[in-house]
Amino acid sequence: MSGSQGEEGGLSQAAPNNNISNSQNLNESSPQTVAPGNTQEDQVSPAVDEASPSSTSSFEMLDMNSVPAPYREVQPHWFFCRRADDGTSWLPFSREDSDKLENACNTVQNQEGDVVVAVDGERYDVHVKERKRYAVYWEQAPTEVRRCTWFYKGDKDIRFMPYPEDLSKSLEEAYMIAVTLDEWKRKLDFPTGETVMLHNPKLIMQYQPMGLQDDWATSPSEQTRPRTVKRGVESISVEIPDGEPEKVDHLVFMVHGIGPACDLRFRSIIQCVNDFRSASLSLLATHYKRGQQDGQVGRVEFLPVNWHSALHGDATGVDEDIQRITLPSISRLRHFTNDTLLDLFFYNSPTYCQTIVDTVASEINRLHSLFKQRHPAFHGTFSVVGHSLGSLILFDMLTNQRNESEAREGVHPGEPCHTNCDTLEQTLTRLGLQQYVETLRAENLDLESLALCQDSDLKELGIPLGPRKKILNYIRRKMFPEGCRTGAVRQVPGLQVPSQVPQDNNMDQSSELSAQQSQFHRTQSVTSAVDYEYFDVGIGQVSINYPQLAFHPQTFFAFGSPIGMFLTVRGLKCIDPNYTFPTCKSFYNIYHPYDPVAYRIEPMIVSEVDLEPMLIPHHKGRKRMHLELKDSLTRMSMDLKNNVLGSLRTAWQSFARIPVAALPPVEEGESTIEKNLQESHGACEEAESPVSTEQTEQTEQTEQPEIKMGMLNGGRRIDYVLQEKPIESFNEYLFAIQSHLCYWESEDTALLLLKEIYDKLGVAFEQPQQ
């Protein structure tokens, strides 16, 4: 524990500032009442009395006549440390995890090796002897773990902090002696020079050593500024989280968009997914309460997929290349652009797009395999979520997956159909890479074995990124002819997309293009139809080799997605209603109405009907109040309009039935009045006719059968829009950026995912009573 003591050196200083800005505001609550003993002294020693707070004597007077209670050992609770830019905070484990750690701690004392305990839904492993917590699924620095029994808080601190374990042990021993002997006013000196005074069971204070006091202080009480000391986690105000169910019903992989930060607080994808997971657990407890009680519902696990670090890491060297050409002015803005916005351009680059899709696929497959290893009893299904650019990456990847029949009929990825007659030397010479011949020969590689290599294999041989991509691109195009690849162009009505031809600058294409491809090359201005089962031409990037996932996703959820815009820019006119992903049968496009990056999908499938997107219900089971008010005002104005026109028509009809003899005698103007009345009657009928038409249209819409939205989501609706918050409705532009980043903390979005997942499991949804 020497390391932990050094790390907590701030505990020796009065009210460290780094504890002021911790994430939670935990107000000090009244401690549990421990029956105190009778004080044998009516006064504190002068040195202590001078430094103690004014309230000390009042506490002592209260406890003078109380009866001492037998000593009971304090119950420990385990905490872990979380370090952030704004300071250090200690957070409690759930009671279930804390009990597991305590049991392991009691057994590990008699063992030589360390004991590893899985905590936080098995996403972390705690090495009990080492007192460290390690992340399982992602890279994260290990954090300190502490068995906590005693806590302190300065007068300027917001929350209680735990003492190191050795100091807590000393405090507990002093407390046990004081309770057993019923002798209080005991002093405990720390090695750091600080002093803890046990005035009585309710009042225990820590005082700063005199050498560290401020010489300019006006009084002894201002010099000391004592800290409040509490015993046991029950005596402090801290929220202990609920434990997560062990049973996992479904696993969701979440892919982030551009940049390393995912929200306005510049948090990573790991932290944002943690928030989304917490929201889903809360919603399961309220909206699937009966299912949890019956054992039908466990939980949904969400795992982050990080591809940004691989793209901007040392392997590609792209950051160094970009930095050399970046201007020195407005450095912060340029750094943000290089680190975030350039990801869009990288994805449109064949070289770096291949790196991105390879990283996403390999990371998803790695997480999938690791999760299966840690949960051998899991037999549930999987889904994928993509935010912003991440949704486009998943869309392109899913459109290029192979179903089981295609995998049996086609060539397995990585297996060549036949080898070219060229030798390895001739091939590398043609590519201008003859300097790597000896490198490949040293590994006994020929063309056939080279075709089985992946990018990581060539990287281990020391071949740079550019030559690696040239070699792999050549192997893919020359050693996998058109008949062996899944790509083929066929005429299918309804899918209009300009034809494209893959370009290869390293080869003479005239001798390699088939007659069909040559025809497309000669008639590039003609719009052709593309079968969505084949994607070498049309959707996706033509020069990318899309990897295969190790599973078939059940549902694909897109958050704030620009998929519709990218498909349109690529030349896609519409999506065939019969098209579906080869391995994924459900697709939801979820967006905020003010999200500047989001685009719709349904108009590309059903262009002849103008449909409003589906409104995502509020998780409390109603529309937001300002939207209800807006709808009420709209209905009120329509009703008022109908009533006014109806009253005007009734008044005219009554007026027209008046006998002519009752009218004032007008000789010359009679024809003019009749004409004006007739014109007014005609105007009333014309003004009323639109209302009748609108009512008829509304009636027809209610009687109109549900429109099929194609098979991309099994015939169901695809576009789902969130309800904006009342404050967001005041200014759309002010909340535009926030709207693009709101999905990670949106309970409405999380509930939509849970409904889709558990509907397929046959679990009934419950709307809690408000």
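This is a predicted model: local features need pLDDT of at least 70, side-chain atom pairs count only at pLDDT 80 or more; totals for chains, interfaces and linings use all residues.
1. Start with the overall picture. The protein has 770 residues, and 47% of them are buried. You'll be looking at 25 helices and 21 strands. The accessible surface comes to about 40100 Å², with 52% of that belonging to carbon and sulfur atoms.

2. A word on how the chain folds back on itself. Take the contacts between residues at least 6 apart in sequence: 74% of these join residues at least 24 apart.

3. One sheet to look for is an open one of 6 strands, in the order β8-β7-β12-β11-β10-β9, with antiparallel pairing. At its edges sit β8 (161-162) and β9 (186-189), each of which pairs on one side only. Helix α5 (residues 165-181) packs on this sheet and touches β7, β9, β10 (195-200), β11 (203-207) and β12 (227-231). The direction of α5 makes about 165 degrees with that of β9.

4. On one side, β7 (residues 150-153) pairs with β8 in the antiparallel sense over 2 bridges. β7 is also joined to β12 by 4 bridges, again antiparallel.

5. Strand β13 (residues 248-255) runs parallel to β14 and is joined to it by 7 bridges. Within that pair, Val-252 stands opposite Phe-302 of β14.

6. On to the charged pairs. The count of salt bridges is 28. One of them joins Glu-244 to Arg-299, with the closest N and O atoms 3.4 Å apart. Glu-244 is in the loop between β12 and β13 while Arg-299 is in strand β14, so this pair ties together parts that are 55 residues apart in sequence. Glu-244 is partly exposed at 24% relative accessibility, whereas Arg-299 is buried at 1%.

7. How far apart in sequence are the parts that Arg-570 and Asp-396 tie together? They are 174 residues apart, because Arg-570 lies in the loop between α21 (563-569) and β19 and Asp-396 lies in helix α13 (residues 389-399). The closest N and O atoms of this salt bridge are 2.9 Å apart. Arg-570 counts as buried at 15% relative accessibility, and Asp-396 is buried at 0%.

8. Arg-717 and Glu-602 also meet in a salt bridge, at 2.8 Å from N to O. This pair links distant parts of the chain, 115 residues apart: Arg-717 is in the loop between α23 (670-703) and β21, and Glu-602 is in the loop between β19 and β20. Arg-717 counts as buried at 13% relative accessibility, and so does Glu-602 at 2%. Elsewhere, salt bridges with shared partners join Arg-123, Glu-244, Arg-277, Arg-299 and Glu-301 into one network.

9. Finally, a look at the outside. Ile-330, Leu-333, Phe-336 and Leu-341 form a nonpolar patch on the surface, with about 370 Å² of accessible area together. Ile-330 is in the loop between α10 (318-325) and α11 (331-347). Is Ile-330 buried or exposed? Ile-330 is exposed, because its relative accessible area is 52% and the cut-off for exposed is over 50%.

Notes
Residues are numbered from 1 along each chain as its sequence is written. Side-chain values use heavy atoms; hydrogens and water are left out. Patches are made of residues with over 30% relative accessible area and no salt bridge: like charges are joined within 9 Å, nonpolar side chains (Val, Leu, Ile, Met, Phe, Trp, Tyr) within 5 Å. Accessible areas come from the Shrake-Rupley method with a 1.4 Å probe; for residues, only the protein chains shown count as cover. A salt bridge is a side-chain nitrogen of Lys or Arg within 4 Å of a carboxyl oxygen of Asp or Glu. Buried means under 20% relative accessible area, exposed over 50%, partly exposed in between (1.4 Å probe, protein chains only). Contact means heavy atoms within 4.5 Å. Two strands pair if DSSP finds at least two bridges between them. Axes are lines fitted to C-alpha atoms, for helices over the stretch in contact, and angles run from 0 to 180 degrees between N-to-C directions.
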